[in-house]
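Please look at the sequence and the model below. The text that follows goes through its domains, a sheet and a nonpolar core.

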Amino acid sequence: MRGDPSARVLVIRGDRAVLAEDGTRLRYRRVQEVPEDALWAFLGRTAAGVPLLLAARAADAPDPDDGAWAPLRVIGGGLDAADAAALVTAVSLGRWLRDSPFCPSCGARTAVSTGGWARTCPDCGREHFPRTDPAVIVAVGSEDGDRLLLGSNALWDANRFSCFAGFVEAGESAEGAVARELARRGRGPAA
Ligand SMILES: [Zn+2]
């Protein structure tokens, strides 16, 4: 896919990407514009059939466009559905590609395979796949439908509130995760 001159590349550094000048779309690059330290994956094709590639760089990798980088959590909500889906996938897959170079079974350095969606161990032969972390976010409303329960966090900006969300723990149901998060948050002065 890197040999296709029409391919578009979404370059990320950690959880950050660059917006195009209008501030609402991601900036994609050509393959030859990507530094050599990137790890690659195939993200799919655009609606027009153009290959879309991921180039995942380290979070602290130097880049000439330094000022324009912004994290997924800040820019994700303003993107259209296609760009948002590409960036969410890119950050999740890219983090795994960068953070998991060694085989958890035998410790050997693995090779990226399956278009960036797996890593294969040359020593023990095991295949390893991207980690996924199930999470839930729920709208807890009043019975009359007029009110919504929101929480805040001491680490957030002032006046920022959210529905309740959390990661599902091992062996837990999604409903159980919601109940646990609400019980835990309900004990503190600020949820
Ligand atoms: Zn191994």
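**Domains, sheet and core**

The domain assignment, whose bounds come from an automatic or database source, divides the protein into domain 1 (8-99), domain 2 (101-130) and domain 3 (135-186). The model is predicted: local features need pLDDT of at least 70 and side-chain atom pairs count only at pLDDT 80 or more, while totals for chains, interfaces and linings use all residues. Residues are numbered from 1 along each chain as its sequence is written. Over C-alpha atoms, the centres of domain 1 and domain 3 are 29 Å apart.

Helices (H or I, at least four residues) and strands (E, at least two) are DSSP runs numbered from the N terminus, and two strands pair if DSSP finds at least two bridges between them. An open sheet of 3 strands has the order 6-7-8, with antiparallel pairing. Strand 6 (111-113) and strand 8 (127-128) are at the edges; each has a single partner strand, so one side of each lacks a neighbour in the sheet. Between strand 7 (residues 118-120) and strand 8 there are 2 bridges, in the antiparallel sense. Here Arg 119 lies opposite His 128 of strand 8.

A nonpolar core is a set of buried Ala, Val, Leu, Ile, Met, Phe, Trp, Tyr and Cys residues joined through C-beta atoms within 7 Å; buried means that 20 or more other C-beta atoms lie within 10 Å of the residue's own, with C-beta atoms placed from the backbone. The largest such core holds 23 residues, and Leu 10, Ile 12, Leu 43, Leu 54, Ala 55, Ala 86 and Ala 90 have the most contacts inside it. Helix 2 (81-99) is among the elements that supply at least two residues each, and its share, 7 residues, is the largest.

Methods
A residue is buried if 20 or more other C-beta atoms lie within 10 Å of its own, exposed if 12 or fewer, and partly exposed in between; C-beta atoms are placed from the backbone.
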